[in-house]
Amino acid sequence: MKRLILSSLVLLALLWCVSSNAQAKLRISKATKTCLSCHRYVSPGIVAQWEKSIHAQKTPEMALKEPKLKRCISATKVPVRFKNVVVGCAECHTINPNSHKDTFNHNGFRVHVVVTPKDCAVCHPVEVKQYDKNIMAHAYKNLMKNPVYHNLLATTNGVQEFVHGKLIYKKPDSKTNADSCLYCHGTKVKVKGYKVVETKMGEMKFPILSGWPNSGVGRLNPDGSIGSCTSCHPRHSFSISVARKPYTCAQCHKGPDVPAYKVYMVSKHGNIYASKANKWNFTAVPWVVGKDFTAPTCATCHISLITDGHGHIIAKRTHQMNDRSPWRLFGLIYACPHPKSPDTTIIKNKMGLPLPTELTGQPASRYLISKKEMKIRLNRMENICLACHSHSLVNGHFERLKHTIDTTNAMTLAATKILLEAWQKGAAKGLGQKDSIFNEAIEKMWVEQWLFYANSTRFAAAMSGADYGAFANGRWYMSKNLQQMLDWLNFKLTVDKMNK
Amino acid sequence: MKRLILSSLVLLALLWCVSSNAQAKLRISKATKTCLSCHRYVSPGIVAQWEKSIHAQKTPEMALKEPKLKRCISATKVPVRFKNVVVGCAECHTINPNSHKDTFNHNGFRVHVVVTPKDCAVCHPVEVKQYDKNIMAHAYKNLMKNPVYHNLLATTNGVQEFVHGKLIYKKPDSKTNADSCLYCHGTKVKVKGYKVVETKMGEMKFPILSGWPNSGVGRLNPDGSIGSCTSCHPRHSFSISVARKPYTCAQCHKGPDVPAYKVYMVSKHGNIYASKANKWNFTAVPWVVGKDFTAPTCATCHISLITDGHGHIIAKRTHQMNDRSPWRLFGLIYACPHPKSPDTTIIKNKMGLPLPTELTGQPASRYLISKKEMKIRLNRMENICLACHSHSLVNGHFERLKHTIDTTNAMTLAATKILLEAWQKGAAKGLGQKDSIFNEAIEKMWVEQWLFYANSTRFAAAMSGADYGAFANGRWYMSKNLQQMLDWLNFKLTVDKMNK
Amino acid sequence: MKRLILSSLVLLALLWCVSSNAQAKLRISKATKTCLSCHRYVSPGIVAQWEKSIHAQKTPEMALKEPKLKRCISATKVPVRFKNVVVGCAECHTINPNSHKDTFNHNGFRVHVVVTPKDCAVCHPVEVKQYDKNIMAHAYKNLMKNPVYHNLLATTNGVQEFVHGKLIYKKPDSKTNADSCLYCHGTKVKVKGYKVVETKMGEMKFPILSGWPNSGVGRLNPDGSIGSCTSCHPRHSFSISVARKPYTCAQCHKGPDVPAYKVYMVSKHGNIYASKANKWNFTAVPWVVGKDFTAPTCATCHISLITDGHGHIIAKRTHQMNDRSPWRLFGLIYACPHPKSPDTTIIKNKMGLPLPTELTGQPASRYLISKKEMKIRLNRMENICLACHSHSLVNGHFERLKHTIDTTNAMTLAATKILLEAWQKGAAKGLGQKDSIFNEAIEKMWVEQWLFYANSTRFAAAMSGADYGAFANGRWYMSKNLQQMLDWLNFKLTVDKMNK
C-alpha cells in the first residue's frame with residue numbers, strides 16, 4: 001500500500017511534466033481546424049467525443065515511437081502530411097477523395113461522409129488486412145448472394161398479405177432489409193442524389209445516401225471497400241476500450257439466433273466481469289491477464305493481444321477473429337469446421353446447395369478447414385484458457401463442447417427428418433416442389449430448431465453459460481419443438497385428408 | 001492535463017470554502033428533526049438515503065438563487081415556512097393535510113404516507129403541470145375506463161377454471177391487477193381502515209391502504225391528484241441522476257409489449273452508454289452534450305434540458321415527454337399519430353370503439369395531432385440527433401422509421417384479416433358475437449402480432465437496435481405468427497366440421 | 001464536505017502506517033511460495049487474482065483479532081500451521097490429502113484440484129454447516145434421485161431420434177447433463193484416470209476428472225462433501241463483494257424457470273442498484289443499510305449480516321438462505337411451504353410421488369414447515385424491509401404475494417385438469433399409463449405453465465418486478481397457454497378419432 005501511495009505521487013508529478021510536454025508536440029492540421037471552427041457549434045457532441053479520443057491526443061509519429069507491443073498503429077510509416085498532426089476530421093473525411101464516390105464539395109473541401117476501412121488502413125493496415133479474412137467482412141455478400149440465406153431473409157422481412165384465404169409474401173424492400181438483417185450484416189451504401197438542406201449555417205447541399213445510416217460489419221462502401229471499423233470502435237472516440245467490452249459484440253450477438261452475449265453474462269466469466277470490471281484497465285496495450293483484467297471478455301478470447309505480466313505473449317492480436325475458433329457454431333443448419341474462405345458463397349454441397357453441410361449434416365469437407373488447422377486454432381484458444389485454468393479443466397471443457405456439437409446436430413437431424421417427411425407426404429412444399437424451405441409454419445419451426453435452440457445450446461457449452469443450454473432457448477426447447485413439429489405434421493396430414 | 005490538475009486543486013480549495021459556507025446556511029425544520037429523532041432508528045435506510053439527497057442539502061431559497069438554466073426548482077417563490085429549511089420528512093409528509101384523505105395522527109403530527117405530485121408542486125409546479133399533459137399521468141383511466149383495454153386486462157389477469165371441458169374466466173381482482181398491469185399504470189390508493197401494529201417504538205396505529213404499495217405513473221392518489229413522481233425519481237433520494245439512467249425507464253419499458261430498454265441496449269447508443277457511462281456526469285444541470293455524456297439515454301431524447309458547451313439550448317426540459325414524439329409506436333393495434341388529449345378514453349373510431357384507428361388501420365384523425373404538429377415534434381427530436389449526426393444520417397434514419405411504421409401496420413392488417421375470417425366463419429367468437437376479442441387462442445396470437453412483434457420492430461427502427469426488428473420478437477415472429485394463425489384457422493374449421 | 005476532505009487526509013496517513021504494519025506481519029508459507037514460483041508463469045491470471053484477494057493479505061490470526069461483527073472467519077481457532085501464514089495455494093490445495101480421492105503427486109506435493117466446503121471449513125465452519133441445511137447443497141440428489149425430477153431432466157436432455165414416424169428419446173448422457181441441469185445443480189466429480197500432458201514446464205501427469213469443470217451448488221466432491229463455495233465466491237479472489245452482487249445469483253437464477261435476477265432488475269430495487277451501486281461499499285462487514293448501500297441486492301434479503309449505523313443487527317448472516325423464506329416459490333408444480341428437510345427425496349405425497357403437494361395442489365404437510373415456522377421466517381424478512389419501509393407498505397406487499405401464490409396455483413390447477421383429461425381420454429399417455437409425464441407436447445405445455453409462467457409471476461410478486469407478472473412470461477402466458485392446451489386437446493382427440 002505504501003507503494004500505491006508513493007506511486008500515486010510519482011504519477012502526479014509525471015503527469016504534470018508529460019502533459020506540458022505532450023501538448024507542446026500536438027498539432028491540429030489547418031484543414032481540421034477549419035472543420036472544428038463550425039462543427040464545434042453544429043455538432044458539438046462528436047467534437048467533444050473526438051477531443052477525448054486518442055486520435056485527438058497523439059500524432060502518428062508519436063504512436064510510431066512506442067515499443068512494438070504497446071503500439072496501436074500497425075503501419076510502419078505514414079504519409080508525411082499525416083505524421084505530425086493529430087488524426088482529426090479532415091484526416092479521415094477528406095482522404096482518398098477520388099476513390100470515394102460519396103465525395104462532395106463542402107465549404108471548399110472534398111469531403112466524404114462514410115469513412116471506410118480503406119481510409120483507416122493508412123495507419124492500421126494489418127488490422128484491415130486481417131479483417132478482410134474475417135467472415136464478418138463478407139457478411140453482406142454471404143447473406144445477399146447465397147440463394148438459401150437470401151430466401152431466409154426474404155421470408156422474414158417480406159410483408160405478407162392475406163388474400164382469398166392465403167398468405168402471399170411480397171418481395172422485401174431495401175429499407176426493411178437495412179432496418180433488419182443488414183443492420184448487422186451491413187448495407188450497400190450508394191449516393192442516390194443530393195439535397196439542399198437548411199442548417200444552422202444556412203443552406204447547404206448534402207448527398208442522399210441509400211443504405212445509410214449503417215455500421216454493419218460487412219458494409220459495401222462507396223469507395224469499393226468492405227466492412228466498417230466503427231462497428232466495434234464507435235465514432236468519434238474509436239476507443240479500444242469500448243471494443244473490448246462485451247456490449248459492443250452484443251449489438252449483433254444477443255438475439256435468439258446468436259445469444260453469445262447473453263450466454264457470457266450467465267457464465268462465471270460474465271459474473272466476474274459484471275462484478276469487477278469497473279476496476280479493470282480496458283485501455284492497456286498489451287492487455288495483461290491478471291493485472292489489467294481477471295476474467296475474459298469476448299475480445300480477450302477472440303481478438304486482443306494478451307500477455308502475462310512479464311511481457312510473454314499469450315495470444316497475438318487478430319482481426320480475423322476465427323483463427324482461434326475451429327468450429328462455426330451458429331448461423332448454420334449443422335455446426336461444422338470453419339470454412340476455408342470467408343466468402344461462403346463459393347461453397348456447394350453434394351445437392352448443389354450453397355451450404356457447408358448436406359441437409360442431413362455431413363460436412364462439405366473440401367470447403368472447410370482441415371483437422372490439422374482445427375487443432376492449431378483450438379490450441380490458440382486453449383493457450384488463453386490455460387492462463388487461468390488447469391489442463392484438467394481445459395480438456396474437460398472442450399470435450400464437452402465437442403459432445404454438445406454432436407448432440408445438437410443430432411437434434412437438428414431429427415427435426416430435418418420430420419420436415420423431409422412433411423415435404424414427401426405433401427403436408428408442406430419444399431425442395432422437391434421447388435418451393436421456399438422457409439415460408440411455411442413447419443419450416444419455421446425447423447429453422448428455430450437450429451437457428452435458435454441448437455445454436456444457443458452450443459454457445460452455452462462453448463462459454464459455460466448453462467442457462468442457455470437448459471431452459472433459456474436450450475435443450476428444453478429443442479426437445480419440445482420436435483414434439484410440436486410431429487404433432488403439427490400429424491394434424492396437418494389428417495386435416496388435409498379430411499378436406500380432400 | 002495540466003489544466004486538469006490545476007482545476008482539481010482549485011476545486012479542492014473551493015469545496016472547503018463552499019462547504020463551510022453551505023452548512024452554515026442549512027437548517028432542518030423542527031418538525032423534521034422530530035421525525036428524524038425516531039426514524040433514524042426505525043427506518044435507518046431511508047434516513048441515510050435522504051441525507052445524501054439534494055433535498056437534505058439545499059433550501060428552496062438556495063435553489064432559487066441559482067441561474068435559470070441550472071435551476072431544478074421551477075417555482076418562482078415558495079411559502080415562507082419552506083424557504084429556509086431543507087426539504088425533509090415533515091415538509092413533504094405533512095403538507096396539504098386536509099386534501100389528503102390518508103392523513104392520520106402520528107405522534108402529534110398530521111402525517112400522510114403517500115406523497116403526491118400535488119405535494120411536489122409546491123417547488124416543482126412546471127414539471128407537474130407538464131406531466132399532467134403526459135399520457136402516462138392518465139395511465140390508470142386509459143386502461144381501466146377504456147372497455148377494450150380493460151377487457152385485455154381482464155383476460156390476462158382473470159383466473160381461469162377448467163369445468164366440464166371448458167375454460168371459464170373469473171373476474172380479475174384488485175390485488176392481482178395491482179401486481180400486474182397497475183404496477184406500472186398506477187393503482188387507486190384508498191384508506192380502507194386502520195390497524196394497530198407492534199413497532200420498535202411500541203404500539204402504533206397506521207392506515208391500511210388499498211392499492212399500496214404502488215409507484216405507477218398514473219396512480220390515483222388519496223388527495224385526488226394523479227401520477228407519482230417517485231416512478232422515476234425514487235424516494236428518498238429523488239435523484240435526477242437515477243431518472244436520467246435507462247434503468248428507471250426499464251422498470252416499465254422492458255417487457256415484450258414495450259421493449260424500449262432492450263432495444264436501446266443493443267443500439268450503438270446503448271453500447272456506448274454501457275461502456276462509458278461510469279465516467280459521465282448525470283447530475284449536471286443543464287446537461288451538456290459531449291461534455292457530460294457522449295451518447296443519449298432515454299431522458300436525453302425524451303425529457304431533459306440539453307445544451308451545448310456554450311449554453312445554447314438544444315432541447316428544453318419537458319415532463320410531457322410526447323412533445324418530441326410525432327407517433328405512438330406501441331400499445332396500439334396500429335401505430336398512428338399521437339392523440340391530442342392524454343385522456344384517450346374520449347376517442348371513438350367509426351365503429352364506436354375507443355381506439356385511435358379502425359380495426360383495419362385507418363386513423364381516427366380528429367382525435368390525433370395534425371401533420372403540422374407532428375412535424376414540430378419531429379423537428380424537436382431531430383434537433384437533438386443533429387448535435388452529433390449529419391443531416392444525411394438523420395434524414396435516412398427517420399425515413400426508415402416511417403417506412404417501418406407502414407410495413408408493421410401492414411403485417412398487423414394481415415393478422416387482423418385472418419382474425420376477421422375466423423370470426424366470420426365461426427372458428428372464434430368476436431365483435432360480431434359480442435364476445436371478448438382477447439379470450440381465445442387465435443385472438444391472443446393476434447394480440448401478440450401488434451402488442452409484441454410489431455411494437456418491437458418499430459422500437460428497433462426508432463432506436464436502431466435491429467435485433468428486436470429481426471429475430472428478437474421482431475420480423476421473424478411477425479412472419480411466423482401469420483403462418484401459425486392461418487394454420488390454426490384451417491385446423492379449427494376442419495375439426496369443428498368433423499365434430500358437428 | 002469539510003469532514004470528507006479531513007477524513008481523506010486522515011485516511012491517507014493511516015493507510016501509510018497500517019500498510020507498513022500489515023506487511024510486516026504477512027507471511028507466505030514455504031509450500032505456497034514453491035507453488036507460486038512456477039504458477040506465476042504457467043497460470044499468471046489466477047496468481048494475480050489471488051494476490052488481490054483478502055486471502056493473500058490476511059493471516060487467520062489477523063482475522064481472529066477483529067471484533068466479532070466485523071469478522072469473516074467463523075472458526076474460533078485454526079490449526080497452528082495455518083495461523084500465521086496467508087491463505088495461499090498450498091493451504092487449500094494440499095489440505096486433507098487422505099480424504100481427497102483426487103489427490104495426486106505434483107512436484108513433490110500431494111495436491112488436489114477440487115477444493116471443497118470441507119477444506120474451507122477449517123476457517124469457515126459455521127457457513128459450511130449452515131449451507132448443509134440449504135436446499136442448494138442437496139441440489140444434485142434432489143434432481144438425480146427424485147424419479148419425477150430425474151425424468152424431467154431425461155426428457156429435456158435426452159437426444160431424440162425420428163424413426164418410422166415416431167420420436168424416440170435416448171437416455172441422457174453424463175456430459176450433456178453436466179452441460180445442462182448439473183451445471184447449476186452440481187455434478188459428481190470423480191477421478192477416472194490420469195493423463196500425461198505436455199506443459200510449459202515439460203511433461204506432467206494430471207488426473208482426468210469426470211464431471212469437471214463444475215462449480216454447481218450441490219456438487220458431489222471427491223472427498224465426499226457436497227456443495228461448492230466457488231459457486232458464489234469465485235476462485236481465486238473468493239470475494240464477499242462478488243457474492244453480494246446480483247450477477248452471482250444470476251448465473252443460475254436468470255432463465256425462464258427461475259428468473260429471479262430478471263425480476264429484480266425491473267424492480268425499483270434493481271433500478272436503484274443499477275443506477276447507484278458503483279458508489280456502494282460491497283466489502284464492508286457488517287453491511288450497514290443506508291450507509292454501505294441504499295437498496296437491497298439478493299444477498300441483503302437472503303444471506304448477509306445487516307446492521308444499522310449504530311451496530312444494531314437487523315438480520316444475522318445465514319448460508320442456509322431459506323430461513324428468511326416461508327414459501328418455496330419455484331421449481332415446483334405448486335408453490336407451498338418450505339420443506340423441513342433440505343433433502344427432498346424423502347418426501348412422498350398421498351399418491352406416493354416424491355412431490356411436496358398432490359397433483360391437484362394440496363400440500364404434503366408432514367414434510368413441510370409449520371405455520372409457526374413460516375411466521376418466524378416471514379418476520380425475519382419483514383424486519384429487513386422495515387429498515388426502509390413503513391408497516392403499511394410491508395403488510396400490503398406480503399398480502400399481495402400470498403394472494404398471488406393462490407392465484408398462480410389456481411392457474412396451474414386448471415392446466416393440470418386439462419392434462420388429466422388428456423390422459424383419461426387417451427390423447428396423451430401419463431401416470432395411468434405408466435408413461436413419462438413430461439415427454440409429449442401437451443405435457444411440455446403443462447410444465448411451462450408452472451415451471452415458467454407461474455414461477456415467474458410469483459417472483460414478480462415477491463420482488464415487485466411486475467413485468468414478469470404481466471407480459472414477460474407472466475399472466476399473459478399463463479392465460480394463453482391454457483387456451484392453447486385446450487385447443488391442442490380438442491384437435492388431438494378429433495385427429496385421433498379420424499385416424500382410427
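This text walks through how the chains of a predicted model are related and how they meet.

Start with the symmetry. Two copies of a chain are related by a rotation about an axis and a shift along it. For chain B and chain C, the rotation is 120° and the shift along the axis is 0.0 Å. The superposition has an RMSD of 0.0 Å. The two copies are thus related as by a three-fold rotation axis. Chain A goes onto chain C by a rotation of 120° too, with 0.0 Å of shift along its axis. The RMSD there is 0.0 Å.

Now turn to the contact between chain A and chain C. Chain A puts in 57 residues, and chain C puts in 58 residues. By residue class, the side of chain A that touches chain C holds 25 nonpolar, 21 polar and eleven charged residues.

Next, which surfaces do the copies use? Compare chain A with chain C: only 5% of the interface residues of chain A are also interface residues in chain C, so these copies meet through different surfaces.

Note on methods. Residues numbered from 1 in each chain as written. Chains lettered and ligands numbered in written order. Predicted model: local features only at pLDDT ≥ 70, side-chain atom pairs only at ≥ 80, totals over all residues. Least-squares fit on C-alpha atoms with pLDDT ≥ 70 in both. Contact = placed C-beta atoms within 7 Å. Nonpolar A, V, L, I, M, F, W, Y, C, P; charged D, E, K, R; others polar.
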